[in-house]
Amino acid sequence: MEEEEDEVMVKEGLMASQREIFSISGPIHLTSIDWNNSYHRTSVASCLVQAVYTLERDRQQNRIGLKSQANHWWEFFNFTLAETLIDDSDGSIYGAVFEYKHFFSYNYHNTHHSKPPPRHVIAFRGTIMKRHSRSRDLKLDLRCVRDCLQDSTRFVHAIQVIQSAVAKTGNAAVWLAGHSLGAAVALLAGKIMTRSGFPLESYLFNPPFSSIPIEKLVKSEKLKHGVRFAGSLVKAGVAIAVKGRHHNKGQEDDSFMKLASWIPYLYVNPSDPICSEYISYFKHRNKMFEIGAGKIERIATRNSLRSLLSGGGGGSSSDSCSSEPLHLLPSAYMTINTSHSPNFKRAHGIHQWWDPMFNGEYVLHQF
């Protein structure tokens, strides 16, 4: 009876869910952070994204003072909340800037082969399906599908905050982190900053793949390869027809190579249809080079049919929709969760990435 009353109180917003309470759901075993340890860095980045989720839930449920839960997600790792990012369309908290308290006292003399901590982590949450934020978040999800995220006021504000942080502290001291819709924001911002000459260390959890999920729709491995091979041929052919063999070639190659030098950390789950296609995207590209079709794939991998046919090309135009498909990512450190996920909620959730029982496959894809 007591458990049923608790569930009712959570639904009515009178108390936090267990997933929002750090002492119950957070990685409390990480009492000391080794910034050279990839699991530690992943845990910090993902927990700061969870902090943004909880900041917004605190706001929605009017949890203030001792009832608020968000602060525990950053204070445990010795961060402070420097700024909350508010969406001017609905007043929701969609992101935050966190500052590491010990950045200036960190011992940099013994870090020749080590990774220093960030000074700032700029984190972005994903969609919250509650009435206070649902409408705005779903509209932005649709923008992701249509590759129009860069035109939204939320993204414009986010990139301004990122540019300001980099101008103050330099790009080496700034991390980006995001989950789902927030990963799309961080991914697009990372591309823009890289092309501007300021690559940022980025942690992208379950980023949406804005294309047909062939991995989930087709079961036969041979058929999958055939579909993707045909897709690459068509994309390469259309790209040559639309752009011409030599039209702006130098400019496009320069833009693409600038992006290829950026290697974000990409976290995907094979059971999550929103992000799982990234696994096959990179696998197919490698396969094309193995069978000697590298020239075709070099053209295909930097273009999408939708952007080509809409006139956006595969380049960096931000004037129209479908100008910069999110999934056109040359390089990535990919972490694949190979643990069993019983349902979509678990496969797409942020909590899996700091789970101490996590089983993962790690692959570097470099173009």
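Helix α3 is largely enclosed by the rest of the structure, because 20 of its 23 residues are buried, where buried means under 20% relative accessible area, exposed over 50% and partly exposed in between, with a 1.4 Å probe and protein chains only as cover. This is a predicted model, in which local features need pLDDT of at least 70 and side-chain atom pairs count only at pLDDT 80 or more, while totals for chains, interfaces and linings use all residues. Residues are numbered from 1 along each chain as its sequence is written, and side-chain values use heavy atoms, with hydrogens and water left out.

The helix α3 covers residues 38-60 and reaches 33 Å from its first C-alpha to its last, close to the 33 Å expected at 1.5 Å a residue; the expected span is 1.5 Å times one less than the number of residues. At the start of α3, a side-chain oxygen of N37 comes to within 2.8 Å of the backbone nitrogen of Y39, and after the helix comes N62, with a positive phi near 55 degrees.

Taken as a whole, the protein has 14 helices and 8 strands, which are DSSP runs numbered from the N terminus, helices being H or I of at least four residues and strands E of at least two. Of its 367 residues, 50% count as buried. Among contacts (heavy atoms within 4.5 Å) between residues at least 6 apart in sequence, 73% join residues at least 24 apart.

In soluble globular proteins, nonpolar side chains tend to be buried together. Here the largest nonpolar core has 44 residues, and those with the most contacts inside it are I122, F124, I162 and L266; such a core is a set of buried Ala, Val, Leu, Ile, Met, Phe, Trp, Tyr and Cys residues joined through side-chain atoms within 4.5 Å. The largest share of this core, 9 residues, comes from helix α7, residues 181-195. A second, separate core of 36 residues includes W35, V49, Y265 and W353. Beyond four places away in sequence, I122 touches a set of residues that includes L85, V97, I162, W175 and L176.

The loop between β4 (174-179) and α7 holds S180, a residue that is buried, with a relative accessible area of 10%. Most residues other than glycine have a negative phi, yet the phi of S180 is positive, near 55 degrees. The side chain of S180 is joined to that of H348 by a polar contact of 2.8 Å, a polar contact being a pair of N or O atoms within 3.5 Å, of which, within protein, one must be able to donate a hydrogen and the other to accept it, with residues adjacent in sequence counted only if both atoms are side-chain atoms.

H348 itself lies in helix α14, residues 344-348, and is buried with a relative accessible area of 10%. Leaving aside residues up to four places away in sequence, H348 touches H179, S180, N206, D272 and I274.
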